[in-house]
Amino acid sequence: MGLATHLGPWLLGTVKNTSVNNPVLGQIRNVGPTVVSQSVSCSGSTLTASLVLPAGSQILGFTFLTTTTSAAATVAITVGGVAAVTATDVGTAAGLSNLQIATTGVSVCNNVGTTDVYVIATRSNTTLAGTMIVTYVVRNSDGSTVPSTYTA
Amino acid sequence: MPLATHLGPWLIGSAKNNPANVGATIVTQSTVVSYLATAANPQRVAILPAGSQILNVTFYLTTLWVPGVGDSAAFYLAKANSSVTIADFICESLYRGSSGAPPVQVVDRYTFCDGGNTSEWYTLATPDTPARAAIWANVGSTDLPIYFAAYGTQDGLNPTSNMSSGVGTVTITYAVRNPNGTISSY
């Protein structure tokens with residue numbers, strides 16, 4: 001079982017196009033782009049760890065899986081240089097932490113922009129260790145998921 | 001980098017047959033919404049394929065929503081009555097008491113922009129009633145349209161004003177399955 005790779009957004013549903021005249025359910029476009037995730041290990045002597053998201057992506061959430069605790073240790077995340085998650089305590093207990101999107105990060109999470117972006121997690125100390133997981137939607141580089149020929 | 005489309009559920013795993021370990025792929029539909037979507041004139045934001053399972057609804061608030069003076073801002077998502085065509089907004093009856101069965105809400109009304117925040121992020125909670133949970137678990141054997149509306153309210157329930165501004169994005173995350181809700185392929 002090997003890895004299979006598809007480059008570009010991948011739409012799933014049962015109806016690709018909408019009938020122009022008198023559309024009824026079953027004849028109306030109902031496809032949506034697939035959700036994927038990337039993860040990166042945050043450990044060792046370097047406080048930062050990064051991954052890259054495709055242009056046009058929409059971030060649905062950040063999760064940090066703490067494997068080595070460190071009291072009051074935090075993780076902050078930037079997307080394309082924009083603060084998406086402010087320093088959040090994830091070091092107190094091992095396990096999953098769903099990280100709250102900061103108000104400054106709403107727009108960049110809604111659409112990361114027209115070029116690929118770095119997502120960088122920064123730990124407050126090197127004792128804390130874990131994995132940052134980013135869940136996102138792959139879309140066109142302009143954030144759209146509808147072909148230009150689509151008729152509403 | 002073109003869009004590629006697959007019609008029907010897409011299963012991923014390493015074993016297709018007994019004991020199968022494949023799972024249905026998760027997808028989203030996302031729509032920009034504005035204050036023009038009112039309780040009397042809601043905006044359709046998605047058409048979910050029959051048999052889908054809703055996993056989450058996310059709201060990206062990107063421009064301040066402004067209700068009437070003294071009101072709180074609220075919005076809701078609702079499914080249309082299956083007996084009504086998509087051109088008719090049955091959601092209207094929920095608030096005006098007109099004839100016709102009210103729609104079943106898929107998420108609760110949700111107040112936001114308290115305190116004058118201009119930018120907030122919300123991931124809506126899971127459904128809090130059995131009726132809503134049933135819709136999330138399986139949208140039904142026919143495609144399901146989802147509608148969005150925003151309004152000002154005094155009691156968190158009844159609309160008392162329309163918004164004068166506001167822009168955001170509603171994203172619905174769901175699993176594509178067979179029309180009967182199964183993902184069995186054997």
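Which residues have the most contacts inside the largest nonpolar core?

## The nonpolar core

They are A:Ile77, A:Val79, A:Cys109, B:Ile146, B:Phe148, B:Ala149 and B:Ala150, in a core of 71 residues. Strand S10 (residues 144-153) of chain B gives the largest share of this core, seven residues. A nonpolar core here is a set of buried Ala, Val, Leu, Ile, Met, Phe, Trp, Tyr and Cys residues joined through C-beta atoms within 7 Å. Buried stands for 20 or more other C-beta atoms within 10 Å of a residue's own, exposed for 12 or fewer, and partly exposed for values in between, with C-beta atoms placed from the backbone.

This is a predicted model, in which local features need pLDDT of at least 70 and side-chain atom pairs count only at pLDDT 80 or more, while totals for chains, interfaces and linings use all residues. Residues are numbered from 1 along each chain as its sequence is written, and chains are lettered from A and ligands numbered from 1 in the order in which they are written.

## Around A:Ile77 and strand S9

Leaving aside residues up to four places away in sequence, A:Ile77 touches A:Phe62, A:Ala84, A:Val85, A:Leu99, A:Val119, A:Ile120 and A:Ala121; contact means C-beta atoms, placed from the backbone, within 7 Å. A:Ile77 also stands opposite A:Ala121 in S9(A). Strands (E, at least two residues) and helices (H or I, at least four) are DSSP runs numbered from the N terminus, and two strands pair if DSSP finds at least two bridges between them.

Strand S6 (residues 74-79) of chain A runs antiparallel to S9(A), joined by five bridges. Strand S4 (residues 48-53) of chain A is also antiparallel to S9(A), with six bridges, and A:Leu51 has A:Val119 as its bridge partner.

## An open sheet in chain A

Four strands of chain A make an open antiparallel sheet in the order S3-S10-S5-S8. Strand S3 (35-42) and strand S8 (95-99) are at the edges with a single partner strand each, so one side of each has no neighbour in the sheet. S5(A) and S8(A) pair over five bridges, and A:Thr66 stands opposite A:Gly95.

## Where the chains meet

The contact draws 33 residues from chain A and 35 residues from chain B. Elements giving two or more residues to chain A's side include strand S1 (10-13) and helix H1 (106-110). S1(A) pairs in the parallel sense with strand S1 (residues 4-7) of chain B over four bridges, and A:Leu11 stands opposite B:Thr5.

Technical notes. Contact = placed C-beta atoms within 7 Å.
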